[in-house]
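I opened the notebook to look up aromatic pairs, helix packing and confidence. The entries follow in the order I checked them.

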Amino acid sequence: MSEQNCLVTNDWICAEYLRSRSQELTEATVEHLWITVVSVLIGLAVALPLALLARRSKRFAGPVLGLTTVLYTVPSLAMFSLLLPLFGLSSALVITGLVLYSLTILVRNILAGLQAVPQETREAARGMGYGPGRMLWEVELPLALPALMAGVRIATVSTVALTTVGSIVGRGGLGNLIEDALPTFFKAQVLAASVLCVLLAVVADLLLLGLQRLLTPWTRAGGTKPEPRTARIRKTTATAGAG
C-alpha cells in the first residue's frame with residue numbers, strides 16, 4: 001500500500017511508478033539511445049573528411065576548426081529554430097543539431113590523432129609502396145585511434161545529455177519525460193528519467209572504452225602486447241636499410 005501511495009504523496013523514489021510506467025520508460029530510453037547512436041555515427045562520418053581537409057593545408061584548417069567551434073557555441077534553442085524550416089518537427093531536426101554540435105569535438109580529436117603519427121612511420125610506409133589511401137586506412141588511422149576514440153567517447157556522452165533538449169520539439173527521448181513532469185513537478189518521473197540518462201552515458205562510455213582497448217591492444221600497459229602493423233612496417237624498413 002505504501003508503494004502505491006508514493007504516487008499520491010509524490011515521492012522521489014517510487015517503485016509503483018517504475019512498475020506502472022515501465023513501457024513508457026522503455027520507449028523513451030530506446031528513442032534516446034537511437035537518436036544518440038545515429039547522431040554520433042553521422043557526426044563521425046562528417047568529421048573524418050573535415051579533419052582530413054584541415055590536415056591537408058593550414059588554409060583549410062582555420063576555417064574548418066573555426067566553423068565547428070562557432071557551431072558549438074550556438075544555443076540549442078536557436079540551433080533548432082534555425083533548422084526547423086528545413087526539417088520540421090521531426091527526429092531529423094534533433095539529429096542534425098546534435099551532429100553539428102559533435103563536430104567540434106570529433107574534428108579536433110581526429111586531427112590531433114592524425115598529426116601525432118610519426119613522420120618516419122609515413123616514410124617507412126611509402127618506402128614499402130603504400131599509396132595515400134592505403135596509408136590512411138592501414139597506418140595513420142590505426143595510430144590515430146586512441147585520440148579518435150577519446151573524441152567519440154566525449155561526443156557520445158555529450159550527445160546523451162544534449163538529446164534531452166530535443167524535448168522542445170517532442171523528440172527528446174528521456175527528455176520528453178522530464179519536460180512532461182516539470183509542470184506538476186512529478187518527482188518520481190524526473191528522477192527516473194534523469195537516472196536513466198546518466199546510466200546511458202556511463203554504459204556508453206564504458207562500452208566505447210572497451211572497444212578502444214580491443215582495437216588498440218598495443219597501448220595497454222604491461223603484458224605481451226601485439227604489434228600494430230605500423231610497428232612491423234618500421235622494423236621491416238629498418239632491416240632493409242641495414243641490409
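**Ground rules.** I call a residue buried under 20% relative accessible area, exposed over 50%, and partly exposed in between (1.4 Å probe, protein chains only). The model is predicted, so local features need pLDDT of at least 70 and side-chain atom pairs count only at pLDDT 80 or more, while totals for chains, interfaces and linings use all residues. Residues are numbered from 1 along each chain as its sequence is written, and side-chain values use heavy atoms, with hydrogens and water left out.

**Confidence.** I looked up pLDDT, the predictor's confidence in each residue, from 0 to 100. The protein chain averages 84, and 88% of the residues score at least 70. Residues 223–227 have a pLDDT below 50; I found 7 contacts for this stretch in the model beyond near neighbours in sequence. A contact here means heavy atoms within 4.5 Å. Residues 235–243 also stay under 50, with 4 contacts beyond four places in sequence.

**Aromatic pairs.** How many aromatic pairs does the structure hold? I found 3. Rings of Phe, Tyr and Trp (its six-membered ring) pair if their centres lie within 6.5 Å; planes under 30 degrees apart count as stacked, over 60 as edge-to-face and the rest as tilted.

I took Y17 and F186 to begin with. Their ring centres are 5.3 Å apart and their planes stand at 75°, so this pair is edge-to-face. Y17 sits in helix α2 (residues 15–20), and F186 in the loop between α9 (174–181) and α10 (187–215). The pair links distant parts of the chain, 169 residues apart. Helices here are DSSP runs (H or I, at least four residues), numbered from the N terminus. Is Y17 buried or exposed? Y17 has 0% relative accessibility, so I count Y17 as buried. F186 is at 17%, so F186 counts as buried too.

Next I checked Y72 and Y101. This aromatic pair is edge-to-face, with 6.2 Å centre to centre and 90° between the planes. Y72 lies in helix α4 (residues 58–73) and Y101 in helix α6 (residues 91–115), so the pair ties together parts 29 residues apart in sequence. Y72 is partly exposed at 38% relative accessibility. Y101 is buried at 5%.

**α4 against α6.** The two helices that carry this pair also pack on each other. Their axes are 7 Å apart, at an angle of about 145°. Axes are lines fitted to C-alpha atoms, for helices over the stretch in contact, and angles run from 0 to 180 degrees between N-to-C directions. I noted the crossing as left-handed. That term applies if the near helix is turned anticlockwise from the far one by less than a right angle; clockwise makes a crossing right-handed. On the α4 side the contact is made by V64, L65, T68, T69, L71 and Y72. On the α6 side it includes L100, Y101, L103 and T104.

I then followed T104 in helix α6. T104 is buried at 10% relative accessibility. What does T104 touch? Leaving out residues up to four places away in sequence, T104 touches T68, T69 and Y72.

**α5 against α6.** The axes of helix α5 (residues 76–87) and α6 come within 9 Å and cross at roughly 130°. That makes α5 oblique to α6. Angles under 35 degrees count as roughly parallel, over 145 as roughly antiparallel, 65 to 115 as roughly perpendicular and the rest as oblique. This crossing is right-handed. From α5, the contact is made by S76, M79, F80, L83, L84 and F87. Among the α6 residues in it are L93, V94 and Y101.

I picked out L84 of helix α5. L84 is partly exposed at 35%. L84 and V94 are 10 residues apart in sequence and 9.4 Å apart in space, C-alpha to C-alpha. L84 touches L89 and L93, not counting residues up to four places away in sequence.

**α9 and α10.** In α9 I found L174, G175, N176, L177 and A181 buried. The buried residues of α9 pack against α3 (22–56) and α10.

My last entry is L196, in helix α10. L196 is partly exposed, with a relative accessible area of 26%. L196 touches L25, T29 and L174, not counting residues up to four places away in sequence.
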